[in-house]
Amino acid sequence: MTDAISSMRPVLAVDRLSIAVGAKPQRRVVDEVSFSMGSGEIVGLVGESGSGKTMIGRALLRLLPPAAAVVDGHVTFDGVQLSSLNDAQMRGLRGRRIGAVFQEPMASLNPAITVGAQITEGLILHDGLTPADARRKALRMLEKVKIADPDDIFQAYPHQCSGGMRQRIMLASVLALRPALLIADEPTTALDALIRKEVMDLMAALASEIGTAVLLISHDLAMVAQYADKVVVLRGGQVVEQGPTSEILLRPQAEYTRALIGALPARHTAAAGAPPAKAALVEIENLCVDFKRRSMGFGRAARRVRAVEDATLDIRRGEVLAVVGESGSGKTTIGRALLRLCGTAAGAMRFDGADVGEFQGRALADYRGRTQMVFQDPFSSLDPRMKLGELVAEPLRRTGVSRDERRARARQVLEEVGLAGDYAERYPHELSGGQRQRVCIARAVISRPEFIVADEPVSALDVTVQHQVLGLLAQLQRTYGFSYLFISHDLGVVEQIADRVVVMYRGRILELGSRDAIYDRPQHPYTQRLLEATPRIVRREAGGFELTLSRPARIAPPAGYAFFNHGSMPGAALSQGEPVMVEIAAGHSVCCIAR
Amino acid sequence: MREGRWMTITRQPNAIAGGVLILIMLFGAILGAVHTPYDPIAVDFFHRLTPPAPEHWLGTDEWGRDVLSRLLAGAVVSVGIAGVTALIATSLGALIGATAGFLGGWFDKVVIALMDALLAFPALIMALALVAIFSSSAFTPIIALSVAYLPSVVRVVRASVLVLRRSDFVDASMVMGNSRAITLLRHILPNTVAPVIVLATSLFGWALLAESALSFLGLGTPPPASSWGGMLSDSRNYFADAPWLAVAPGLALSLSLLGVNLFGDALRDLLDPRMQKP
Amino acid sequence: MTRYILTRVMLAIPTLLLALAAIFFLVRLIPGDPAQLMLGDVDDPAALARIRQELALDQPLPVQFGHWLLQLLRGDLGQSITLDSPVSDLLLPSFAVTASLVVPAVVVAALIAIPAGVVAGWKQNTRLDVAVMTLATLALSIPSFWLGLMFLLVFGVYLNLLPVVGYVSPLEDVWQGLSYLVLPVMSLALIEAGVLIRLVRASTIEVLGLDYIAHARAKGLTEAAVIVRHVLPNAMAPTWTMIGLTLGGLLGGAVVTETVFSLPGLGRLMVESVFARDYPVIQGCMVIVTVAYVSVNLLTEITYPIFSPGARDA
């Protein structure tokens with residue numbers, strides 16, 4: 001995408017830029033950062049939280065939060081130093097020459113005015129179009145970002161659009177002005193994998209069509225590796241290294257970059273092979289779970305929504321079974337139903353041979369002593385008013401262990417999860433996200449459960465912290481031998497930790513098999529698309545790394561069957577009737593429908 | 001409550017001003033109960049309507065009664081009624097709100113319907129109606145205002161219980177085998193304390209204001225016992241000649257309310273859950 | 001939209017019915033014969049019998065309540081004990097006086113509070129913000145009746161600019177009517193403005209922190225356009241609700257201000273009826289206050305989606 005002419009005169013040159021927050025003492029959050037971008041280039045700005053990447057993006061628009069200020073260096077855009085412009089001139093650049101897309105698609109559009117008004121706003125302001133012309137142009141842009149019915153969406157309010165649609169609408173509204181530079185700050189972080197791929201592909205295609213340079217600010221190294229021409233790696237406000245993507249991400253020189261990429265989840269080949277044939281600890285048969293969607297509307301009956309439909313699976317002793325799927329797939333609901341946090345509509349759940357649904361009183365409490373859960377959000381899963389020691393020891397209260405022993409056990413477990421010292425006396429708000437998640441894990445393992453449901457336990461964490469926590473989970477499992485139900489949307493993480501994998505979509509299990517079978521021989525088209533949308537950076541045996549992108553292969557369904565489609569295969573006809581799980585190899589089955 | 005956060009409150013000028021005003025008000029109320037310079041209800045025809053002077057710091061009223069003494073004695077009544085009202089409304093409301101939020105179902109629906117209906121009566125109207133039925137005494141405004149403010153507390157507590165009920169740490173409590181009752185007592189209720197304290201502060205201010213309004217209308221504390229509202233009401237007859245009669249109790253009331261508002265704001269900032277993240 | 005409105009109306013009806021039931025049974029709580037209560041201290045067996053029949057006292061309580069509701073619907077609220085007049089004839093003019101005090105007061109309060117609150121929020125933590133907030137907190141701490149008294153003292157007694165007490169309907173004499181209303185309206189408006197400013201500022205600050213504001217700025221809009229097009233509509237949603245609640249509350253709760261300025265409003269009527277133990281009028285006042293509160297809130301809710309279109313489909 002870089003041609004010879006454009007690289008001679010950069011569209012953007014950032015020269016020893018420093019940004020500080022606070023006053024007395026001032027703290028530098030960006031320290032002498034320099035890089036440049038040619039026209040039409042996609043440059044990835046990567047780093048973990050606190051690296052200052054977002055601050056740089058805002059500084060390029062001269063829209064830093066009030067507490068922060070540029071203290072040194074300058075930014076040259078298209079030959080003009082931004083600091084030399086007055087406010088009105090700067091406003092003339094914003095939107096027209098420099099566009100921006102930010103992270104949260106749910107909050108990126110003004111809920112009080114229509115989508116159309118928000119897209120045309122910039123066109124009328126900068127291009128001086130009449131409302132009618134602006135509308136025509138906006139509708140064309142909506143079509144370009146593949147909005148199915150542009151006329152309806154033009155008049156709709158943001159709350160009527162899904163997250164993926166909103167982010168595409170944002171793209172349309174920003175790129176309609178054909179800016180020379182697009183600042184995209186974590187543009188797809190909150191989106192599901194398939195939608196993320198869709199939005200990123202659109203962004204890259206439109207940018208190259210218009211000739212817009214894109215500054216892609218992200219924590220997602222694999223995604224940046226896939227789309228960016230150049231990469232700038234930041235740490236603590238400083239540039240660690242920068243250069244062409246293939247150089248930096250695949251043959252990193254700086255130790256930090258190497259550690260960062262090394263921390264990405266990857267399959268450890270040692271774990272491959274047939275899963276040990278052990279007895280099942282948990283068995284789920286034909287499970288159905290309904291949610292009552294509360295409706296306040298007059299004349300609207302309370303709707304029942306089936307969150308999980310006819311799910312059958314088992315979890316063997318000492319194994320990690322991962323459930324993957326996008327939001328709304330029902331993966332979390334299975335875990336919650338299993339721990340009796342929500343009721344079931346049909347089907348059976350057995351734990352160690354006993355019917356989970358039958359547990360009452362004493363038996364239920366005993367069952368809960370043998371199972372535990374780790375939650376996604378380490379900020380909300382710890383009672384903010386309790387000290388860590390009390391929090392971790394709470395599962396022991398019921399067991400009649402003495403107060404002193406509880407305290408001792410809590411200290412010991414905290415030490416085991418890497419929180420040695422006086423942590424027992426601290427409160428949750430004093431810890432970082434990773435530390436909190438360690439506390440949650442300590443609480444889950446203190447009663448030596450046989451089974452743990454881990455619901456997206458590392459999704460909220462930075463790559464290196466995620467790596468440590470995953471390592472901790474695996475190590476504790478080796479020590480204590482419990483089974484996991486590991487729920488995640490992240491196929492990379494699952495590849496590292498799972499023995500077997502279940503793929504879900506809208507309440508249905510579409511495919512089930514050993515980790516290697518699912519990743520190397522995916523059958524259902526949905527599984528294939530999911531894998532395709534998840535680029536992974538893996539270590540090469542010859543040294544260095546490579547970006548692996550799985551390409552969907554056309555696989556014929558088992559004889560006499562078609563792959564079951566309830567929306568997971570866009571473009572194909574929806575299946576009618578009841579699906580069946582067809583075993584295509586030992587322990588590997590796929591959801592089909594008889595032909 | 002962590003010490004670190006109390007340190008931040010003591011560094012805010014508004015919080016300090018509010019705290020000082022509240023302390024003065026409480027001190028006045030205690031002083032009024034223990035000792036006043038003059039008998040607040042002793043009539044002295046030789047010193048009627050004297051302007052503020054060294055022997056009567058805030059002057060005297062139409063009966064020759066010392067205004068400062070009446071102000072202090074009135075503080076006992078006003079602060080007392082407001083305090084008891086805030087206490088009753090808060091504890092009763094918290095109990096009802098927490099139970100409704102936690103149990104849900106038909107009980108919750110009934111409570112919500114009743115509270116919505118109660119909200120349709122402004123506090124003063126409610127008090128007036130009860131006075132009409134039970135005749136005026138110190139208890140009537142307490143009961144009436146407690147009932148009138150009940151819905152606010154119920155709503156706040158119920159809402160935060162509903163949010164807490166869905167939070168992961170409550171699920172975590174259930175998963176570790178705690179019963180619903182223990183989860184409610186150990187994990188949910190303690191986390192509603194902060195918003196309830198903030199609300200109780202506001203309630204105290206509202207009740208102080210409403211009690212004065214009732215007395216101003218002649219339907220609160222019966223004379224000759226002094227009350228700030230009653231003093232303001234009486235002052236209207238001597239408006240042009242003795243403006244201090246209207247200024248003193250009004251100022252006392254306004255400064256007390258200012259103190260409560262400033263302190264309440266500081267408390268709200270301090271206890272805001274958004275401040276709890278590092 | 002129709003469904004949204006219908007839903008709101010359907011939800012308001014049980015609230016209103018419960019409140020009316022409370023009013024009905026509250027009067028029944030008073031010890032003694034309800035018919036005698038409604039008649040006052042008059043010994044007239046014929047009238048007593050007539051009232052008994054009117055109240056359907058020989059029927060069970062729920063039937064009595066239903067009967068009472070039917071009469072309400074016909075506008076029949078009974079006969080005043082002390083004033084020789086049907087209750088409804090007393091209520092309507094009083095309500096008109098209260099409305100002519102409260103509606104302008106709320107409008108003035110909103111006109112002060114919305115710009116002041118938005119500017120204070122926009123210029124958060126500047127001197128301007130501190131000044132606005134200090135004034136707002138002061139205003140909110142002053143009881144409206146004391147502010148009214150002080151206004152009377154300054155404008156009426158010392159400066160002799162405006163009439164001190166009394167009421168002339170603006171419909172009869174516009175200028176004189178308005179001159180009687182200026183002080184009471186202002187004394188109510190300033191205090192309500194204090195409450196509203198703080199809310200508007202808080203919502204403004206919250207909205208300013210959202211991504212779509214950053215986007216609006218990144219589009220190159222001027223600050224004025226950002227505030228007017230993107231901040232104001234969203235900050236207005238909670239403000240609108242608050243304005244409705246204030247209006248609904250004041251329609252019954254402006255009692256003290258009416259007393260200070262001797263306005264013959266609804267609150268004044270109720271206080272006098274309480275003194276006179278005129279139960280039919282007390283009951284009538286409470287009915288009107290409740291109906292007004294519920295209707296104003298209903299109106300606020302129905303119009304709410306103007307500022308928050310998402311509420312319609314929630």
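**View 1. Two domains of chain A, with centres 37 Å apart.** In this predicted model, the C-alpha centres of domain 1 and domain 2 of chain A sit 37 Å from each other. Where the two meet, domain 1 of chain A puts in eight residues and domain 2 of chain A puts in six. On the domain 1 side of that contact, α8 (193–210) and α11 (255–262) of chain A are the elements giving two or more residues. As for the bounds, the domain assignment of chain A runs domain 1 over 3–262 and domain 2 over 280–509.

**View 2. Helices α5 and α13 of chain C, packed at about 45°.** Here α5 (residues 87–122) of chain C packs on α13 (residues 279–303) of chain C, and their axes are 10 Å apart. At that angle of about 45°, α5(C) counts as oblique to α13(C). The pair α5(C) and α13(C) has a right-handed crossing. From α5(C) come C:Val87, C:Leu90, C:Leu91 and C:Phe95, and they meet C:Pro280, C:Val281, C:Gly284, C:Cys285 and C:Ile288 of α13(C). Go through the contact of α5(C) with α13(C) by class and you get eight nonpolar residues, one polar and no charged ones.

**View 3. Where chain B touches chain C.** Chain B brings 33 residues into contact with 35 residues of chain C. On the chain B side, at least two residues each are supplied by α4 (105–119), α5 (123–134), α9 (193–216) and α11 (244–271) of chain B. The largest share of that side is from α11(B), with eight residues. By class, the side of chain B facing this contact has 27 nonpolar, four polar and two charged residues.

**View 4. Confidence along chain A.** The average pLDDT of chain A is 89, with 95% of the residues scoring at least 70. Strand β19 (residues 500–505) of chain A is where confidence is highest, at 96, while helix α1 (residues 4–8) of chain A is where it is lowest, at a mean of 48. Residues 1–7 of chain A have pLDDT below 50, and beyond near neighbours in sequence the model gives this stretch 13 contacts. Residues 295–300 of chain A also stay under 50 in pLDDT, with 12 contacts in the model beyond four places in sequence.

Notes
Residues are numbered from 1 along each chain as its sequence is written. Chains are lettered from A and ligands numbered from 1 in the order in which they are written. This is a predicted model: local features need pLDDT of at least 70, side-chain atom pairs count only at pLDDT 80 or more; totals for chains, interfaces and linings use all residues. Domain bounds come from an automatic or database domain assignment. Two residues are in contact if their C-beta atoms, placed from the backbone, lie within 7 Å. Helices (H or I, at least four residues) and strands (E, at least two) are DSSP runs, numbered from the N terminus. Axes are lines fitted to C-alpha atoms, for helices over the stretch in contact, and angles run from 0 to 180 degrees between N-to-C directions. Angles under 35 degrees count as roughly parallel, over 145 as roughly antiparallel, 65 to 115 as roughly perpendicular and the rest as oblique. A crossing is left-handed if the near helix is turned anticlockwise from the far one by less than a right angle, and right-handed if clockwise. Ala, Val, Leu, Ile, Met, Phe, Trp, Tyr, Cys and Pro count as nonpolar, Asp, Glu, Lys and Arg as charged, and the others, Gly among them, as polar. pLDDT is the predictor's confidence in each residue, from 0 to 100.
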